[in-house]
There are 2 protein chains.
Amino acid sequence: MSDTQQQKKLELTQSIESQGQKVRQLKAEKAEKSVIDAEVAALLDLKKQLAVLEGTDGKSGKATKTSFTLKTPKGTKDYNDKDMAIREKVFSTITQVFKKHGAVTIDTPVFELKEILSGKYGEDSKLIYDLADQGGEECSLRYDLTVPFARFLAMNGKEYQNFKRYHIAKVYRRDQPAMTKGRMREFYQCDFDIAGVYDPMIPDAEILRILCEALTNLDIGKFTVKINHRKILDGIFEVCGVPEQSIRPISSAVDKLDKLPWADVKKEMVEEKGLAPECADRIGEYVKLKGSRELLDTLKKDETLMKNANAAAGMKDMELLFDYLDVFEVTEKMSFDLSLARGLDYYTGIIYEAVTEKSAPPKLAEGVVSKKKTNSDELDESTVGVGSIAAGGRYDNLVGMFSGVNKKGVPNLQIPCVGVSLGVERIFSILMSKQKSEEIKSNETQVFVIAVGDGLLKERMQVAKELWDAGIKASYMFKNKPKLDKQFAACDKDMIPFAVIIGKDELDKGQVRIKDMRSKDETQGGGVTIQRADMIQELKSRLSIS
Amino acid sequence: MSDTQQQKKLELTQSIESQGQKVRQLKAEKAEKSVIDAEVAALLDLKKQLAVLEGTDGKSGKATKTSFTLKTPKGTKDYNDKDMAIREKVFSTITQVFKKHGAVTIDTPVFELKEILSGKYGEDSKLIYDLADQGGEECSLRYDLTVPFARFLAMNGKEYQNFKRYHIAKVYRRDQPAMTKGRMREFYQCDFDIAGVYDPMIPDAEILRILCEALTNLDIGKFTVKINHRKILDGIFEVCGVPEQSIRPISSAVDKLDKLPWADVKKEMVEEKGLAPECADRIGEYVKLKGSRELLDTLKKDETLMKNANAAAGMKDMELLFDYLDVFEVTEKMSFDLSLARGLDYYTGIIYEAVTEKSAPPKLAEGVVSKKKTNSDELDESTVGVGSIAAGGRYDNLVGMFSGVNKKGVPNLQIPCVGVSLGVERIFSILMSKQKSEEIKSNETQVFVIAVGDGLLKERMQVAKELWDAGIKASYMFKNKPKLDKQFAACDKDMIPFAVIIGKDELDKGQVRIKDMRSKDETQGGGVTIQRADMIQELKSRLSIS
């Protein structure tokens, strides 16, 4: 053991002694359990450090490894500089669209009081990450961004009754890895919602326009937005004879039609959910319908359906919506699809789901056993590469769940909302697959300062300083006397477009050379020599900055 | 109970039944405890939902409130749109400076394996938030961004031996609220670090240049960067006769000199840390020295100190550093201050701390009892409004702690680092205090489309759509027939600079009006009427976008 280690050991031994005394005193004073626990934890940590230093573990006295398990927790990953370059491009493209439509952003804590989340996700509540009980409040990591948003509105609602907000942040789901493959436990969600009381379908139409703008600007290829209306769907279920209490379960079964053939869905309806087979067959006739606006005309001829109050209300909304979508010139992107049901219970109006050619899942063959589909989220973002690329809908009653009710059982505050969640993790993976990692430029450096000859460190620093002062992104090699080829290699590796090359003779003459590193033209090989005083102007003009 | 509630109750009862059966089956199959626990949790949640629906709690059968505790967890807060506007401005100012210097960003998970964090924060380990043990790995929320960065480097070090990275993200400290006031448990850190083997003091000088650029661009008023060198400080302690094992504790005492008078610090050295009083007095003579580069000359005349190997090495570094700072023209911002010690043990070279006039803490009066100062972090960011605004230093051995050691006890991978952490929470509070909340424009909307007369909803939509297509940020009121004054009020409330005003007559003539909402000139009151075909061009020119 070295002297430094001996000394460290001595310090640790002293710390352990005093920490032990502190714990004993707290216990004697009958301090709060959480306080004692915290101090005991600190004590154990000190003991562990000592054990590592001594090459033993605290209990057995046997030799132990001092190395750490070098990994991120299961279901999480690091994003390196290349990943982040793509991710920032995606976020900036999306937020630009949101801001163009007047959106602002808010941020909420990464964990919420446990009771805020409980009762919101049904069966999937078991996927919520809890914080350890270290005394004080019980907290859980957020499961999505919608519930914290509804909680925020319920708390601050009076100021935020007309509110377009976006929120891009990580959410957490403690999924059983055996259940699904490739599902992340920490992943990004990107939500845009419009909260407030407005005239019908106006915000709904703008959300769909925003979705189309964002997906177009992201350049992820062709996409289609499937739309439907919960009230039309409920009307269909009612006229097909679905008992009232089975409407949501049957709706969940319909929601699987994008992944399963009709026969399997029907089987689930009949065998698992006890629906009469003829009733399921009637539903089957409806949910195979899809098209554009003309589908409204087809449905209008269905007298039974049109007599249903829910269906009629939904139809009225859809007519209006198509009017507005026509003005916004996005109707051609829409597919009015009666098989779209969306899993979440809280939707009350239009629902939608965007699918790209790259994200459309392969249909399972007939007869394959039905796979569990989580119903917890408007978009299952955690599964990368499968399913829809964005989804959402109108939910008019969620905020009321948080606002409490008055004596008559009516929520104190009810703020209708319509929102969309973009599947950013899927968008990343589509964009990452489009380019090779080594072709992604993660830095933004524009100029690399290179010395020919004797290092010229301070001279390189001086040039870099002038460039920084002028707002030009510049680097140089952190060596006193770097070799010329190493400097060019560093410049190439970081894909820096321009080099400023300095040499003693040129500096004495008040000159520098500028070389376009992307140019393979041999006659341009050495760059052009210009007056040092013109360097900034020349570079700005080449970089097209003013 | 309404029909809907009855129906919901029925569904819940059925779900509870089937979930109970699932649990019983898992227990019969002797499934893993964590799996059973998860299903039991889901079952309890369903029962709770039923209890709430029935207006009783599950156990006692008594009536219970259905309202939620509407708050964020202790020590956390929501950031509303105004907060976020300031926060995004701060982040964008800072990242622009980082990117100008070639930095890239990475992201790491919000939680790490518990063992990665343990043994890194000494006594303050008790402030670490643990996740609940729900089976699987033990995890904790990150306490800072430095340890995850060192873990990342140890894992990916071979690719990242020359690396400038920044990371802006939230960190978590479960501080005892009784201990300190106004301390947040969730707060932002903003770190910039340069990792890699370079020639001496070159990256160190660039970090200080970056710090000065960032603080200047943030426009938070005058600031000073206190600098010192750990080796000079260690040399001083050695020549003053501090026993080797007391060097770090005595250094921690010196670190309190920015908050406490010398008499209190000396008392701590002598009474708490057992230092001889004459030894403390000798230290007292050194740590009162501060100045600029000329302080190096003063120290050089101190023959005893110059014979100390540590001090001599530190002096050599400082000479070189000042040379480079001169080139970068930031020397005038520096205060070479021998009382600067920094709390963290892991610094090995230069250390620094930026103080603004607004953030300088009031010195406590002589004789006031010493307050605990956490030693866990290069910058105690969680205390808003007190202390330094940025801090950092060189830490050459931290990555080696994660890389494991070879048979000779030498780390497998050692990557020297130098970094700075900007106190963004303090910067927010300084900037927020500079302007009134109602004066902060949180949206970026440039044009509001207003109708005179009969609502003209589709016409407003059409104009907005044309503006969006042209990249102009535009909104309109989500009402069929909004009143004119309401529209102007909405435009004013959101501080939208321009209005496009449409009326039936003007539209028929192919005209619109454009009004500069900021202009109070009455002759301009109604705006100017222009051809609709010129609308985009006119607005772009007024907004100075091309």
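1. Polar contacts and basis. Across the interface of chain B and chain A there are 49 residue pairs in polar contact, both residues being at pLDDT 80 or more. A polar contact is a pair of N or O atoms within 3.5 Å; within protein, one must be able to donate a hydrogen and the other to accept it, and residues adjacent in sequence count only if both atoms are side-chain atoms. This is a predicted model, in which local features need pLDDT of at least 70 and side-chain atom pairs count only at pLDDT 80 or more, while totals for chains, interfaces and linings use all residues. Residues are numbered from 1 along each chain as its sequence is written, chains are lettered from A and ligands numbered from 1 in the order in which they are written, and side-chain values use heavy atoms, with hydrogens and water left out.

2. Make-up of the interface. On the side of chain B that touches chain A, helix 16 (residues 457-469) of chain B gives the most, with seven residues. Helices (H or I, at least four residues) and strands (E, at least two) are DSSP runs, numbered from the N terminus. The residues of that side of chain B divide into 47 nonpolar, 28 polar and 43 charged. Here Ala, Val, Leu, Ile, Met, Phe, Trp, Tyr, Cys and Pro count as nonpolar, Asp, Glu, Lys and Arg as charged, and the others, Gly among them, as polar.

3. Extent of the interface. In chain B, 118 residues are in contact with 119 residues of chain A, contact meaning heavy atoms within 4.5 Å. The two chains bury about 10700 Å² between them, 56% of it on carbon and sulfur atoms. Buried area is the accessible area (1.4 Å probe) that two parts lose on being put together, summed over both.

4. The same surface serves both copies, since 100% of the contact residues of chain B recur in chain A.

5. Chain A as a whole. Its secondary structure comes to 19 helices and 16 strands. Of the 546 residues of chain A, 56% count as buried; buried means under 20% relative accessible area, exposed over 50%, and partly exposed in between (1.4 Å probe, protein chains only). Among contacts in chain A between residues at least 6 apart in sequence, 72% join residues at least 24 apart.

6. Salt bridges between chains. The whole structure holds 74 salt bridges over all chains, and the count between chain B and chain A is 18. A salt bridge is a side-chain nitrogen of Lys or Arg within 4 Å of a carboxyl oxygen of Asp or Glu. One of them joins B:Glu444 and A:Lys99 (3.2 Å, N to O). Another pairs B:Lys458 with A:Asp323, the closest N and O atoms being 3.5 Å apart; this pair runs from helix 16 of chain B to helix 13 (residues 309-327) of chain A. B:Lys458 is partly exposed, with a relative accessible area of 38%, and A:Asp323 is partly exposed at 23%.

7. A:Glu329 and B:Lys465. Their salt bridge has its closest N and O atoms 3.0 Å apart. A:Glu329 lies in the loop between helix 13 and strand 8 (334-337) of chain A and B:Lys465 in helix 16 of chain B, so the pair joins two chains. A:Glu329 is exposed, with a relative accessible area of 53%, whereas B:Lys465 is buried at 6%.

8. A:Arg342 forms a salt bridge with A:Glu353, the closest N and O atoms being 2.4 Å apart. A:Arg342 is in the loop between strand 8 and strand 9 (350-356) of chain A and A:Glu353 in strand 9, eleven residues apart. Both residues are buried. Elsewhere, salt bridges that share partners join A:Lys100, A:Arg209, A:Glu213, A:Glu329, B:Lys465 and B:Asp469 into one network.

9. A:Lys100. This residue lies in helix 3 (residues 81-100) of chain A and is buried, with a relative accessible area of 12%. Leaving aside residues up to four places away in sequence, A:Lys100 touches A:Glu213, B:Trp468, B:Gly471, B:Ile472, B:Lys473 and B:Ala474.
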